[in-house]
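Here is a short walk through one protein model. Keep the sequence and the 3D view side by side as you read.

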Amino acid sequence: FFCAATGPRARRGLARSSLARSLVGRGPNTPRSHSMSPRFAAGTAVEVFYRMERDGEGYFPVPNQAARCLKPRFGMTDGWIGAEVLEDGPGGDASLVRVKHSHALWSDRYGQTLDPQRERDMVMNYPRTDVRMPPAAPWSPALSLLVVRWGGEETEFNVEQWGSASASTSSAYVSAFLDKTVYPTLGPDYEVISVFVTSGLDMARLGPATVCAMMRGRHRAGCYFLWPVMHQDGEVHESGMLDQSAYFDAVRIFEAAGVCTRFPHPSQLYRTLLAKDWQPSLCLVPSLCIPPAVTVNRATICASPSRAAKLCVDALATVRAARYRRGKKRREPESLRVEGAESRRGVAKLGFAWEAAHVRIFRGEQQLATALLDISTTPAVTGSAVIVQDFARNDFELRQFVVDGRIVHKVYSNFVWVDADGYMREFVVKDRAEAVQAWLCGDEEAMAQAASEMVRESSWRSREVPRLSCRRSTRLPSWSPRGWRGSRPSRWRRCRACVWTSSCGACGRVRRRSSRWS
């Protein structure tokens with residue numbers, strides 16, 4: 001699968017390797033299963049390969065009126081449907097066939113329908129390669145995809161931040177995935193059953209009994225283009241966000257029915273990544289480069305924020321003592337260390353948070369108490385605990401997108417400033433040369449060293465969990481289509497880079513941050 005920040009060429013290669021090979025065992029050069037169709041006489045009953053994204057108006061055939069009228073709305077958005085030939089080669093174009101759809105029930109994501117008696121609603125031109133005579137025997141496509149996506153109004157996402165394919169919950173992303181990846185790779189040898197949801201309640205209504213019966217493919221897979229959050233329904237601020245408990249309940253039911261999750265991750269892995277529980281659980285493992293982290297229960301915070309802050313500070317000191325014992329190899333890195341009476345900086349954050357929401361940077365115990373209370377009393381938030389972590393001083397973040405152990409794309413990014421409340425603001429992306437000059441003072445050696453370290457760590461991670469992404473701190477590396485996310489390098493004086501793993505999320509990118517220290 002691909003990430004929004006990748007270029008068109010990288011997206012195509014990424015998706016083809018992940019989808020075509022891992023799902024149906026076909027390489028990108030495998031010939032399509034269809035050949036050029038013969039000429040068709042007017043009035044001939046045929047089948048056409050309908051694609052909702054190609055139609056452009058968002059309508060799709062539904063099996064019955066309930067699938068149109070009730071939520072969640074669902075139907076076959078890509079697949080073979082019946083039609084009648086009106087003209088072969090309309091306007092003298094021999095590559096096209098003009099047909100009238102035979103299927104009478106159509107809907108869009110909002111429940112609006114088409115009139116089967118009105119010609120403009122039923123007539124379309126199709127490429128000749130997407131028209132065939134009805135098969136004599138029951139036919140099964142190579143792949144049936146269950147696509148669960150947002151069915152409400154869409155947020156206008158920042159293209160500079162997300163890339164031309166936009167965020168993974170957007171229609172633009174799903175369209176790029178299907179029309180620029182699946183169809184060019186498999187041709188009309190697949191089908192898509194799409195479900196449009198607007199809330200956690202829609203996910204709770206979603207069951208495999210009806211939907212799975214529509215999936216005729218020799219291979220079946222589920223893709224969920226949504227953002228699970230710790231929020232009550234109706235209180236989120238971005239399209240695609242819905243209650244995580246309803247999301248995972250629905251995904252697990254489909255997995256129990258044999259529908260493997262192929263985007264973004266199998267449910268147990270995805271929940272671990274989004275909840276961020278892995279940070280306090282694994283921060284004592286030196287090779288993972290996770291800054292010391294602890295959790296504090298919401299009840300403790302609400303009862304006494306100052307006491308909760310002191311407990312966190314004491315707990316972090318205990319973690320540091322266990323992690324950084326005396327001796328050169330276990331010494332606390334300079335990017336974390338404080339001198340004299342300097343107050344430590346840290347980060348307080350919730351699990352299941354997106355786009356740096358509910359992430360607060362603080363300095364000292366008093367600011368931590370304020371941050372804990374503000375996060376815990378955010379309206380509609382249902383999280384049971386807050387994660388508190390040492391802050392690793394850094395210069396930027398490098399996201400490395402890794403597929404099958406191979407780095408296919410890199411993104412150099414950062415937040416420009418932190419506001420008075422501790423929230424990170426103004427996300428920027430630069431190319432490699434700009435990142436070295438702007439964030440590493442021209443120190444090419446430090447960039448190369450940090451990138452090399454992150455490549456090494458990406459290699460063992462990709463062997464353990466295929467198709468993960470990573471972010472680290474310089475914000476140096478990160479990988480993507482599914483898995484770990486993020487790293488940052490930071491700079492102090494002329495030095496070697498110090499790399500930290502800061503988060504795992506969304507499409508599986510590992511985020512790491514990198515710093516330069518003498």
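Just after helix 10, Lys276 takes a positive phi of about 65 degrees. This is a predicted model. Most residues other than glycine have a negative phi, and most peptide bonds are trans. Lys276 is a residue other than glycine, yet its phi is positive. Its place is the loop between helix 10 and helix 11 (278–282). Is Lys276 buried or exposed? Lys276 counts as buried because its relative accessibility is 8%.

Step back into helix 10 itself, which spans residues 267–275. Its buried residues are Ser267, Tyr270, Leu273, Leu274 and Ala275. The peptide bond from Phe263 to Pro264 is cis, with omega near -5 degrees.

Another cis bond joins Lys71 and Pro72, again with omega at about -5 degrees. Pro72 sits in the loop between helix 3 (65–69) and strand 3 (73–88). Lys71 leads on to Thr198. Leaving out residues up to four places away in sequence, Thr198 touches Lys71, Trp150, Gly151 and Gly152. Thr198 lies in the loop between strand 9 (190–197) and helix 7 (200–205). It counts as partly exposed because its relative accessibility is 26%. Along the chain, Thr198 and Leu242 are 44 residues apart, but their C-alpha atoms are separated by 7.7 Å.

Setting aside neighbours within four places in sequence, Met203 is in contact with Val148, Val197, Leu226, Leu242, Ala246, Tyr247 and Ala250. Now look at the largest nonpolar core, which has 56 residues. Which of them touch the most other members? They are Val148, Met203 and Tyr247. Helix 9 (residues 244–256) gives the most to this core, with 6 residues. A second, separate core has 23 residues, including Trp278, Ile290, Val296 and Leu316.

Next, find a pair of packed helices. Helix 13 (residues 305–323) packs against helix 14 (residues 364–376) at an angle of about 115 degrees. Their axes are 8 Å apart. The crossing of helix 13 and helix 14 is right-handed. On the helix 13 side, the residues that meet helix 14 are Pro305, Ser306, Ala308, Ala309, Lys310, Cys312 and Val313. Helix 14 answers with Glu365, Leu368, Ala369, Leu372 and Leu373.

Move on to helix 15 (residues 432–439). Asp431 caps its N-terminal end, where a side-chain oxygen of Asp431 lies 3.3 Å from the backbone nitrogen of Ala433. Within helix 15, Ala435, Val436 and Trp439 are buried. Why do these three count as lying on the same side of helix 15? They cover an arc of only 105 degrees around the axis, so they share that side. An α-helix has 3.6 residues a turn, so residues three or four places apart point the same way. Ala433 and Gln437 are on the other side of helix 15, and both are exposed.

Helix 15 is followed by Cys441, with a positive phi near 55 degrees. Cys441 is not a glycine either. It belongs to the loop between helix 15 and helix 16 (444–464). Cys441 counts as exposed because its relative accessible area is 55%, whereas Lys276, at 8% relative accessibility, counts as buried.

Methods. Residues numbered from 1 in each chain as written. Predicted model: local features only at pLDDT ≥ 70, side-chain atom pairs only at ≥ 80, totals over all residues. Heavy atoms only, no water. Core = buried A, V, L, I, M, F, W, Y, C linked by side-chain atoms within 4.5 Å. Buried < 20%, exposed > 50% of the residue type's maximum accessible area, 1.4 Å probe, protein only. Helix = DSSP H or I, 4+ residues; strand = E, 2+ residues; numbered from the N terminus. Contact = heavy atoms within 4.5 Å. Arc of directions from axis to C-beta. Polar contact = N/O pair within 3.5 Å; in protein donor to acceptor, adjacent residues only side chain to side chain. Axes fitted to C-alpha atoms, helices over the stretch in contact; angles between N-to-C directions. Left-handed = near helix turned anticlockwise from the far one by under 90°.
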